[in-house]
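Me: Please take a close look at one part of this structure, starting from a single residue. Then go on to the charged side-chain contacts, with the cut-offs behind each term.

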Amino acid sequence: MYRTIAFLLPLLLIFSLPPLAAAQTERIDHITVEDGLSESTILAILQDSKGFLWFGTQNGLNKYDGSRFTVYYHDNDDENSLTTNDIGALHESEPNILWIGTRGGGLNRLDLTTETFTHYRHDPDDPTSLSDDYIYAIAEDDAGDLWITTRNNGFNRFDPVTETFERFTTDSHPISHPRSGPMAIDRFGGVWVGTMDGLDRLDLQTDELTRFHPDAPPERQIGHPALPALLVDSHDMIWVGSAAGVSLISAETQTPLPLPANTPDTLRSAFIWSILEDTNGDIWFATNGDGLFQFMRDSQTFHTYTHDPDDPTSLSNNAIVSLYEDRTGTLWIGSWTAGINRLDPHRYKFTDQIMLDAFVTVIEESPDGKLWAGTPDSTLVQIDRSSDTVARQTYLIDDDNAFIFDIEPAADGGLWIGSFSGVTHFDPATLQSERIELLPESVLARVVLESADSSLWIGTSHGLFVFNPHNNELTTIEAIAEDEQPSGVYALHQDDEQQIWIGSQAGLHTIDPTTRQTVRIPDIDVQGFVSVIHEDRDGDLWIGTWGDGLAHLDRTTGTVTRYDRGIDNIILGILQGANDTLWISTPNDLVHFDMRSEAVRRYNQSDGFLPGGFVQAAYLQTSSGELMFGQDGGILVFDPQTLRDNPHPPPVYLTDFQLFNQSVERESELLNGQHINFIDEITLTHDQSVFSFEFAALGYTNPAQNSYAHKMDGVDPNWNNVGNRNFVTYTNLDPGQYTFRVRAANSDGVWNEEMLTVALTILPPWWQTWWAYAGYGLLAVTAVALLVQVRTRRQARELAHARRVRETLTYAQRVREEDRARIAREMHDGLAQTLAALRFRMRVWNTLLQRTPEQLPEQFDEGVAVLGESIEEVRRSVYALRPIMLEELGFNAAIEQFAALLREQYKLQVHLSLTEQIPTDLEHDAFRIIQELMNNAAQHAAADNLWVQAAVADGQLQLTVRDDGIGFDINKTTPGNHFGLTQLKERIALRNGRHTIRSTSDKGTEVTVLLPLMG
């Protein structure tokens, strides 16, 4: 053989342990005063019609929503409170009406909608009052009457309509004993009452009492006279719990029945406090010191639950007082002085553990079906689950305890073991071991793989090696290196095509085992190392890394997809379940991953795991399809096809409403006297700008894992999925109508579609109310009327002024026409006559030139004189055609006088900036242009200010008139028509000038005219 060191039997210790293969599957949770419970003795339990749980204790009434208790106490200063804190019985007669039987304070009626109490007490002077204030039990018959047992004075029938009591006492009826206790009503018209001296049955039809007692004839015998517990089950059997065991009676025949054949002797003699039938038909018995018994009707077997001080998931103690099953099938167990116990069939998904007193580092299954587990101290644990026994075999690899990293079944029936000490072959049949001595010293063999050709591939802390057991040769795979140094190898896998995949610090490689050709997968770059390689049923690879999460390698396309949402960065193990799902172990959680939808579901210790998390390489899918994951203390075992989610979606209700982080009391106007659980509409004022809703999903399986989604219609466009956060705050919403909605899911993600809705109204401030707007309308109408009146008066003034202007212009036109006529007459009478005379003289001159030329000088002198007079007359006529103001005052003064007229006429502010250098030949045109532009602006622009500028620069006379009036859209309005410039265009054109117009609606108009100066 190859070089080995043999380990003999002295180094091999074998132990057989008692059956430890599975942990107790029924785990019980505890709720105590540390969780908010007011007191530790639970005398009564009830779930109301909404789903809230109520617990009656010796010190207060507790309401529970899964995360918080609300406690109701007696208050001497508050008439609307409990009459006493000692609560012995609970009953809901109709939705939201809770009846509370107290031990010393009579009967209390609690209206849950308004949280108001009504008290019914014993009155010795009123025979229709309660017979005694110490109440033991409450039941309701088909007619709606309540039956109430008391400690000291019989029992009562209460009519809720008349609010009167009918007493059944030793004085009025032949009842067995004044101290009555448990009560049950059968479907045959009988009321069963347990007393301190036997069992009474009252026939509601005949009012006849039948007594059952230990000393009665055989047909009415029971085991013990003191009876604390009664139950009428679904098979019409009366289970009678006494101070000394259980009896059974037929409700139909009213005769005793034998107990099940295998009833435990302990139960036959135990003190029975309470009896319950669950939805499966099983019967539960709560005892005073002997724990809890379950009679499974189908199998006719009993199961016992007791307190185990070494098991925190057992009963809190063995004294059980009360039992109740809620609507999801959860059993609530009230103890004496040890709080609440909860036995939830949906609470723990993972209840099967192979308990080992060791840290499990690796799990493997040998071909014979046996399981092998490795530990950090060289221990191999062999597990044979067929007989539910664990045979532990301690295998010492060397003198130093070695950490076992991997176990690989060998083709010869043995096991290859990778550890701190390298690789060892172990033969379970001979208990002999041999170590491969060819590996370098101090090499950790983290993973081993026996390939199809019987070669042993060894992934170590210093690279990859291949050992050939036939020739005892060891080969180093040099390609598995990082920075020219051998890379640590953590995962090996041989696929269906015989290719070997290697996961290391250098990433992911594949190698042909025949040619030893190595290929690196470039897209699998990791910060730490590749820790897991899993081939799914389609042949694709799922790569787990230590530091970079999960990756998928599509073998067909070669593409790599990474997944980082909801999955940890550190992947310890990957197994494939049913329906294309993966189970992925991480340091603390187990992740269920759907390969198609990419949906992620996380499980943790609250779902039943052992504390301590999971371990790298400690995972296995057995030949039977079970999945196993190693933990500190054992192995988690489950069949993924048998896992079932809690199918019960939880109802959700408001549990608090706050304004500015202060809870709103029921008595406030906002809640209108109603409890917050019943509020479906809230009205706020605009200044109540910060408000909060708190809500609770009444799912008790794992309340911390309930999840919520909320949405405010009118604010939130989509649902807000907020996980287990059950609180939301809104600020500064606008006045209006809103609807707040909440949905909830249980801890398994089953959503309740019957969402909570609250209609929210935010009132506007007074200045935004309808009556304020009505006032605004009235003011607007008044303002419009005043504006119309003012505009009418202004228009009247403008019309009067326009009439005066027209009259003035008419007068001026008439004067101008008269002047023109005068000038025409003058020119006709003067200039024309003069020119005619000159024409006559020129004819005379022509004659004189021919006849008497010596007379011509004298005649020329006379002609020159006539021409001079004619020139003066022409000049006067020309000047007469110029404006009078311009003629008399000059250009600047004429403009200033015209501006003064506009100021007075149009109440304009006119601002002048005039040059002193206007050439005389341009004065008239400049005056006419400015006069026309100023007049147009005054009449049409509706301006408050007018700026006029005349300046000479660059050989041009620049005239600018600007206003701050209404302006106009120059792209939609013809400037000439709008601005009255048509009559000016000829004047400007004759002067070879040009003009520009700038205007914007509501921002005024500016006109600029440029006239060239004469050379």
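Reply: Tyr776 sits in helix H2, which covers residues 770–851; helices (H or I, at least four residues) and strands (E, at least two) are DSSP runs, numbered from the N terminus. This is a predicted model, in which local features need pLDDT of at least 70 and side-chain atom pairs count only at pLDDT 80 or more, while totals for chains, interfaces and linings use all residues. Residues are numbered from 1 along each chain as its sequence is written, and side-chain values use heavy atoms, with hydrogens and water left out.

Tyr776 counts as partly exposed because its relative accessibility is 36%; buried means under 20% relative accessible area, exposed over 50%, and partly exposed in between (1.4 Å probe, protein chains only). Together with Trp766, Trp767, Tyr773 and Leu779, Tyr776 forms a nonpolar surface patch of about 600 Å² accessible area. Patches take residues with over 30% relative accessible area and no salt bridge, joining like charges within 9 Å and nonpolar side chains (Val, Leu, Ile, Met, Phe, Trp, Tyr) within 5 Å. The areas come from the Shrake-Rupley method with a 1.4 Å probe, and for residues only the protein chains shown count as cover.

Now the charged contacts. A salt bridge is a side-chain nitrogen of Lys or Arg within 4 Å of a carboxyl oxygen of Asp or Glu, and the count by this rule is 29. One of them joins Arg297 to Asp233, at 3.1 Å from N to O. These two are 64 residues apart: Arg297 lies in the loop between strands E26 (292–296) and E27 (301–305), and Asp233 in the loop between strands E20 (229–232) and E21 (237–242). Both Arg297 and Asp233 are buried.

Asp495 and Arg555 pair at 3.0 Å, N to O. Here 60 residues separate the partners, with Asp495 between strands E46 (489–494) and E47 (500–504) and Arg555 between strands E52 (550–553) and E53 (560–563), each in a loop. Asp495 is buried because its relative accessible area is 3%, whereas Arg555, at 27%, is partly exposed.

In the pair Arg602 and Asp589, the closest N and O atoms are 2.9 Å apart. Arg602 belongs to strand E57 (residues 600–603), and Asp589, 13 residues away, to the loop between strands E55 (581–585) and E56 (590–594). Arg602 is partly exposed at 31% relative accessibility; Asp589 is buried, with a relative accessible area of 14%.
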